Amino acid sequence: MARAVTTRRKSFNTALAWAVGLLIFFPILWTILTSFKTEAQAIASPPLFLNFNWTLENYAIVQERSDYMRFLWNSVIIAGGSTLLGVIVAVPAAWAMAFVPSKRTKDILLWMLSTKMLPAVGVLYPIYLLFIRLGLLDTRGGLVVVLMLINLPIIVWMLYTYFREIPGEILEAARMDGATLKEEILHILTPMAVPGIASTVLLNFILAWNEAFWTLNLTAVDAAPLTAFIASYSSPEGLFFAKLSAASTMAIAPILILGWFSQKQLVRGLTFGAVK
Amino acid sequence: MATQHSRSVARLMMAPAVVLLLGWMLVPLTMTLYFSFKKYLPLRGGDLGWVGFDNYIRFVSSSAFWPAVQATLVIVGGVLVITVVLGVLMAMLLDQPMWGQGVVRILVIAPFFVMPTVSALVWKNMFMDPVNGLLAHLWRFFGAEPISWLSEASMTSIVMIVSWQWLPFATLILLTAIQSLDSEQLEAAEMDGAPPLKRFYHIILPHLSRAITIVILIQTIFLLSIFAEIFVTTGGAFGTRTLTYLIFQRVLESQNVGLGSAGGVYAIILANIVAIFLMRIVGKNLDA
């Protein structure tokens with residue numbers, strides 16, 4: 001039986017939820033609005049909400065001051081590369097654990113999860129030193145590898161929980177019909193696994209995009225992604241709210257859009273399948 | 001049933017992931033342990049020999065240690081309390097029937113996708129700036145003296161910023177959990193005349209307890225190592241130097257690698273204590 005809800009109660013819920021939602025979203029909204037103001041309008045008292053002359057000049061200034069496109073490109077390469085590499089390594093592992101489980105599967109999974117708990121700062125110097133020795137400091141390749149490794153446990157776990165939902169009977173039937181392992185993977189598993197893999201890619205791309213410990217500590221100029229681009233605005237320089245807003249909007253816009261598609265996967269990915 | 005052949009294939013398929021993670025864990029960990037027993041100053045003489053547990057003792061007896069522990073506990077504890085309490089309320093609100101639920105959900109979740117450096121800088125400047133920040137305008141509007149948030153109320157500020165970032169995560173997970181609650185049970189309780197508060201304590205809260213535990217454990221692991229939020233706001237000043245930040249300063253700023261590594265070992269031990277509890281819960285879930 002569906003719960004009967006009076007229109008009045010529903011209206012009240014709606015009003016309250018929208019008010020709270022807008023309050024939480026407000027800092028983002030305010031940043032986006034401010035990015036279209038002039039610097040003088042950005043600090044006007046009382047603050048201007050919509051009644052200002054919209055301008056795009058901040059975006060032009062930010063792009064000129066520090067080549068946004070280069071940072072963006074670094075972010076895309078680092079987040080995309082580490083995710084892709086991670087999935088290539090994780091798919092076979094998760095497939096094996098989901099479909100050919102052994103007594104040790106659970107231990108391996110938990111051990112992988114435990115590597116995720118290693119606090120980054122605890123291994124900062126060794127990684128820093130290795131990067132210097134191997135000439136990887138401030139290179140995109142080095143960051144791709146590090147971010148792949150820190151996200152690998154999440155990728156394996158997410159894929160594992162998705163793969164486990166593929167019914168084993170289908171595989172057994174295929175095996176009975178004499179399908180080889182290669183056929184089994186290509187024609188049966190792949191089509192069923194694609195949605196899970198896509199979700200995994202999406203969430204991990206977001207996590208890698210926003211990662212701000214290794215990207216800040218292991219880059220300087222050449223490989224610096226958007227996290228570092230924004231950090232360069234941390235020392236105030238005269239009037240800069242509008243410019244800061246434009247830079248911030250540019251850094252978060254791509255991922256906000258992707259993020260909204262990944263709400264469901266977020267829960268599964270970040271709780272290691274413990275909450276679905 | 002898996003054959004001998006498919007077992008060896010499976011082992012081969014797992015090998016790359018296992019080897020990579022094993023290397024990622026063992027190599028830096030061994031190096032950190034090695035450095036932690038050395039006097040090692042890369043810019044002032046380099047490797048100056050073995051010193052036993054000297055670094056471990058000096059790290060905990062330095063005057064910066066206890067304040068750092070305190071700052072860490074306040075940030076982790078404060079953010080946990082705020083996000084869990086508000087998260088439960090938010091989840092219950094979002095679970096109600098309403099118009100435009102999807103849009104509200106998107107609005108609430110958005111902060112989670114904002115990169116830490118952006119949210120810290122936006123809060124620091126556009127909201128917490130004592131002259132031009134929006135909060136200063138608000139304070140003046142009510143006739144109050146604006147606060148220099150990041151210097152006078154530094155810990156409150158950091159807790160606020162980090163809570164804003166993590167509230168979506170708690171809300172989303174608790175909402176997922178609340179949606180699996182059997183609504184007939186609630187209806188029955190409602191019909192039996194149980195007041196809302198009783199329904200909350202006896203039905204909703206017990207149902208959410210596992211999800212709350214998971215939120216607490218996962219957030220603790222992430223919160224213990226927050227870095228960017230402090231890096232771009234106070235730089236560790238005004239009592240906001242957490243354990244993570246202290247280790248970062250020892251290692252990269254003052255280049256005292258031995259001392260920093262000993263601190264790193266402490267951080268690893270601390271994180272592992274939390275991790276053990278998390279793994280138990282996740283492990284139980286695997287059997288189910």
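Reply: The centres of domain 1 of chain A and domain 2 of chain A, taken over C-alpha atoms, are 36 Å apart. Domain 1 covers 7-60 and domain 2 covers 66-232, with bounds that come from an automatic or database domain assignment. The model is predicted: local features need pLDDT of at least 70 and side-chain atom pairs count only at pLDDT 80 or more, while totals for chains, interfaces and linings use all residues. Residues are numbered from 1 along each chain as its sequence is written, and chains are lettered from A and ligands numbered from 1 in the order in which they are written.

Now the place where the chains touch. In chain B, 89 residues are in contact with 85 residues of chain A (contact: C-beta atoms, placed from the backbone, within 7 Å). On chain B's side, helix H1 (residues 4-36) of chain B gives the most, with 18 residues (helices are DSSP runs of H or I of at least four residues, strands runs of E of at least two, both numbered from the N terminus). By class, that side of chain B has 68 nonpolar, 18 polar and three charged residues; Ala, Val, Leu, Ile, Met, Phe, Trp, Tyr, Cys and Pro count as nonpolar, Asp, Glu, Lys and Arg as charged, and the others, Gly among them, as polar.

One partner of H1(B) is helix H6 (residues 124-133) of chain A: the two pack at an angle of about 110°, with their axes 8 Å apart. Axes are lines fitted to C-alpha atoms, for helices over the stretch in contact, and angles run from 0 to 180 degrees between N-to-C directions. H6(A) is therefore roughly perpendicular to H1(B) (65 to 115 degrees; under 35 is roughly parallel, over 145 roughly antiparallel and the rest oblique). H6(A) contributes A:Tyr125, A:Pro126 and A:Ile127, and H1(B) contributes B:Pro28, B:Met31, B:Thr32 and B:Phe35. This contact has six nonpolar, one polar and no charged residues.

Note on methods. Contact = placed C-beta atoms within 7 Å.
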